[in-house]
Amino acid sequence: MTVFEELERRGLLAQLTDKEEIEELINTGKATFYIGFDPTADSLHVGHFMALCLMKRLQMAGNKPIVLLGGGTGMIGDPSGKSDMRKMMTIETIQHNVDCFLKQMSKFIDFSDGKAIAVNNADWLLDLNYVELLREVGPHFTVNRMLSHECYKQRWDKGLTFFEFNYMIMQSYDFYRLYQDYGCNMQFGGDDQWANMLGGTELIRRKLGKDAYAMTITLLLNSEGKKMGKTEKGAVWLDAEKTSPYEFFQYWRNVADADVIKCLKMLTFVPVEQIEEMEKNLEGAEFNKAKELLAYELTALVHGKEEAKKALETSKAVFGGAGVSENMPTTELTADKLIDNVINILDLLVETKLVPTKSEGRRLVQQGGISINQEKITDPKANIAINPEVIIKKGKKIFHKVILK
């Protein structure tokens, strides 16, 4: 099975400019390809995960990845998939986020001995002369064609700023520069980036008379058609400080039955033949085994095998009936948080970050979604004694320990 055939069997391929050429380059290890990452936060999240895994797969097959960090494009913001304009960031914030991205990416991509490189488009975009750019690039883009793309159409009603309108030109110019400076012949990205990627291949063809290629990766959607990687607390981050290894494990352990095989194929390095065989007999308890495998493999990729093992053991201890584990997510409360040795249930839920607000906590309590030490709490005015610890259960699958410090 070739590398390209495996990508097809895993359901990773969406749109391709030139299938035969891309297949030949990937299979022979001759692709020098890039994926862009705009540093919109100080951590990568699940939305970046599939791109990182694809880079790792292709690098293992002898291809050379270029990580393009959007220090320049991040100052504008991609309107694709957004109903509102992104918040503008300072140069200092963008640089901090870039540094955080690189540290996390090194867990997936081997940058040693020139096997991969990381570049920042701020190095060329921030020094561009506006008039020179208009003369060099402007004639190759028609406003009519740009406005026909879905990424701009969906912003039309609310208003698309000229600021954001330039994003496609910036991304296209990136590909053009990477082709010239590093011999980059291919760009990969999410399926919502298709229009921007076509702009790059077209600019290279018009300016240099050369062929470059683009391929989009299937977006990671759940069985309801929604992007995966979101929880009630927000994004599922790859930074252990923002999403703990246990929380990360539990996110994948709790995916819907209909999504587990797709996630195993698209995100893990478990042999595709093994997953396909598993798929044939997937029913009842086999779903839980598949979910545990998914959660373990992904947690090991992001946080290492030791953390994955601890998360697996914790999950089994909690859901196996014991309800407690030393590795369970824990909040330490100081005495000044208590009044007469107790704390209101809503305050407790906010302190543990199990809910973002008291109003959300009140709704959850009134609906019977909270238990303390296996006793259901339905009164939002209830006071909880911490002596010296309690176990909170939220819903059916979330456990949290609270300790009085």
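**View 1. Strands 14 and 15 pair in the antiparallel sense over 6 bridges in this predicted model.** Helices (DSSP runs of H or I, at least four residues) and strands (runs of E, at least two) are numbered from the N terminus, and two strands count as paired if DSSP finds at least two bridges between them. Ile-391 has Lys-401 in strand 15 as its bridge partner. The two strands form a hairpin with 3 residues between them, and Gly-395 in the turn has a positive phi of about 65°. Residues are numbered from 1 along each chain as its sequence is written, and side-chain values use heavy atoms, with hydrogens and water left out. Local features need pLDDT of at least 70 and side-chain atom pairs count only at pLDDT 80 or more, whereas totals for chains, interfaces and linings use all residues.

**View 2. An open sheet of 5 strands shows mixed pairing in the order 9-15-14-11-12.** Strand 9 (330-333) and strand 12 (375-376) stand at the edges with a single partner strand each, so one side of each lacks a neighbour in the sheet. Strand 9 pairs with strand 15 (residues 398-404) in the parallel sense over 4 bridges, and Glu-332 has Ile-403 as its bridge partner. Strand 11 (residues 370-372) and strand 14 (residues 389-394) run antiparallel, joined by 3 bridges; here Ile-370 stands opposite Lys-394.

**View 3. Helix 4 (residues 91-105) has buried residues on one side.** Ile-94, Asn-97, Val-98, Cys-100, Phe-101, Gln-104 and Met-105 are buried (under 20% relative accessible area; exposed is over 50%, partly exposed in between, with a 1.4 Å probe and protein chains only). These residues cover an arc of only 165° around the axis, which puts them on the same side of helix 4; the arc is that of the directions from the helix axis to the C-beta atoms. On the other side, Ile-91, Glu-92 and Lys-103 are exposed.

**View 4. A salt bridge joins Lys-242 and Asp-42, with N to O at 3.1 Å.** A salt bridge is a side-chain nitrogen of Lys or Arg within 4 Å of a carboxyl oxygen of Asp or Glu. The pair links distant parts of the chain, 200 residues apart: Lys-242 lies in the loop between strand 8 (234-235) and helix 12 (245-253), and Asp-42 in the loop between strand 2 (32-37) and helix 3 (46-60). Lys-242 is partly exposed at 36% relative accessibility, as is Asp-42 at 28%.
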